[in-house]
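Here is a short briefing on two interfaces. Look at the structure first, then read the points below.

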Amino acid sequence: MLDVVIIGAGPAGLSAAIACRESNLDVLVIDEFPKPGGRLLGQLHQEPTGEWWNGIKETEALLNKANALNTKIKCGVSCHHIEKTDDGYIIHTNTALIKTKKLLIATGAAETAAPIPGWTLPGVMSIGAAQVMTNVHRVQVGKRGIVVGVNVLSAAIARELQIAGIDLHSMALPVKNTVTKDHAHPGKVMDGLVRIAHLAPSAFLRFGSKFAQSAKVREMAVKLYPSGGVKMWGMPIHIRKAITKINGTNQVESVTMSNVTPEGDIIPGTEEIIKVDFVCIAGGLYPLSELASVAGCPFRHIEELGGHVPVHNERMETPLEGLYVAGNITGIESAKVARAQGIVAGYTIAGDVAKAESAMQDVKAIREAASIQFHPQIKAGRAKIHRAFQEYV
Amino acid sequence: MEKTIICRCEEVSLEDIENTAKKHNCSAREVKLRTRAGMGYCGGRTCRPAVDAVLADVTGEKAGHQVPLKVQPPVRPVTLSVLGGTHHDN
Amino acid sequence: MTTNRILNHPVLGPVENKTPVTFTFDGQTFEGFEGDTIASALLANGIRQLRVHEETGAPRAIYCNIGHCFECRVTVNKHETVRACMTTIQPDMVVESGKMEPAPFNTSPEEWPRTYAEFESKKEGDSNA
């Protein structure tokens, strides 16, 4: 029986493994992707300081540390069930049953869909799919595309596609339906955009900071939004245009775009057809918590954290003895926060209280300093889930 | 207006889900059983939040603390040889 | 063959010294790089469509590219339901696209049979395959 199994070799899982190995625990990290790194692998952006955040380099740094400590990492291992036993957990995978005393689930996040007509055609993919294809596999997803869904994540990845030399027509909203409604509402999207304005150069920066102040001014900005869009890195961002349909027979050939009212309703007679050969759908992220669920962990639905998250405390313990969580499964935040949470989890598992306490302070400091907040009320969300844990003590 | 597919695995449309939820005024779970939305290969990983959103809109079923569409093992498709323990390659 | 490769990248640098790997997809031979997934190797060769929907025959390709959605499922060396986005290519691997399967009935969910007797009677009047 192993001391610790860690599911997910992303920033949280790898840093937790390193912390566990420092205390010489018998650790196994498993991941279903062929390479370790998780979503960190695809990340590439310029920090406000001008420095590049290169996910491949960051992953290498973690792997070097892990390898120096002889950490066992197995890729291509897919977990489909977890059973709690009297003295630990049995993990059911495609290759074997794995028995462990303690289990850390660090499975990250999945993408929320923004379904629109035609989105099953080849050439339509989630924005994260395009990121992995571009930066990890180094394959072009198409020649000219459009991004459907305007948010923190899609703006960052759109920029990555541009850097790789892929032509993007623009970013626009999905057509409004009962599923996409928040992503299709110009006012709500504007609120989100203002939060990332500081990442963009000149024009948009001024645009954003001018409108960031009050809800009234933002409302005006939505009403008067330029029909040519506002350019970020030379690419138009449209919040008063929506993609109503993706067209094509065997693959994407074009999209239909229409102007929308400030509430996101289609203005009839404004349709235009835009020739593209790929479409990226961006509906945001939600914590991928299914394994914590089958293991029997209680949950809370916390909007600020991105959806249903397993109940846990600041030390990354869940109410189930020997079950821990870290990274985006606990709420949608940056890879830096995930990595710091992994360190907390690792020290907690190893029973090193002093180091865990200190690592908890690091998580807070990194959250404070973050240039991108996926949700503005993240700290309130964190407080809610930590309070929920108290009900189980 | 062309159909908007919500569940890609089983090709269940938004219209199907909305109509089923309206007609039976039912829970997310019942919609899943009636339409098969969320019962395909991906286990609802892609459409689960979307089905929840439709239900919140149509019947007012709020996302409670428990995950609305219960998650059940196996959370990924497995072959019978894996379940039977005779599968050793890859 | 590597027309869709991003061989040079201003930040990530060049792709070089890659070992070629040959495999087949629906009987046709393709070359990818060692470490490629089936999905990335095929896309590098301009192939997007990986299967058709079992019932409707609608063409499908990768959607999430990270193992969650199972839209890229293919048959690899006779093993079914293998995710093209999660499986690295191996020399002489035989990959086959997903095909249509016979559908006993194809109507709205409301008309689906609830009992075996209903199923039998509906099958009679609806012989699409």
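**Two interfaces in brief**

Chain A splits into domain 1 (2-110 + 285-390) and domain 2 (113-281), with bounds from an automatic or database domain assignment. This is a predicted model, in which local features need pLDDT of at least 70 and side-chain atom pairs pLDDT 80 or more, while totals for chains, interfaces and linings use all residues. Residues are numbered from 1 along each chain as its sequence is written, chains are lettered from A in the order in which they are written, and side-chain values use heavy atoms, without hydrogens and water.

**Domain 1 and domain 2 of chain A**
- The C-alpha centres of the two domains lie 31 Å apart.
- In contact (heavy atoms within 4.5 Å) are 17 residues of domain 1 and 13 residues of domain 2.
- The two domains bury about 1,300 Å² between them, 66% of it on carbon and sulfur atoms; buried area is the accessible area (1.4 Å probe) lost on being put together, summed over both parts.

**Chain B and chain C**
- Here 19 residues of chain B are in contact with 20 residues of chain C.
- The buried area is about 1,600 Å², with 49% from carbon and sulfur atoms.
- On the chain B side, B:Arg8, B:Glu11 and B:Tyr41 lose the most area to chain C, together 36% of what that side buries.

**Salt bridges**
- A salt bridge puts a side-chain nitrogen of Lys or Arg within 4 Å of a carboxyl oxygen of Asp or Glu.
- Between the domains of chain A there are zero.
- Between chain B and chain C there are two.
- C:Arg60 forms one with B:Glu11, the closest N and O atoms being 2.5 Å apart.
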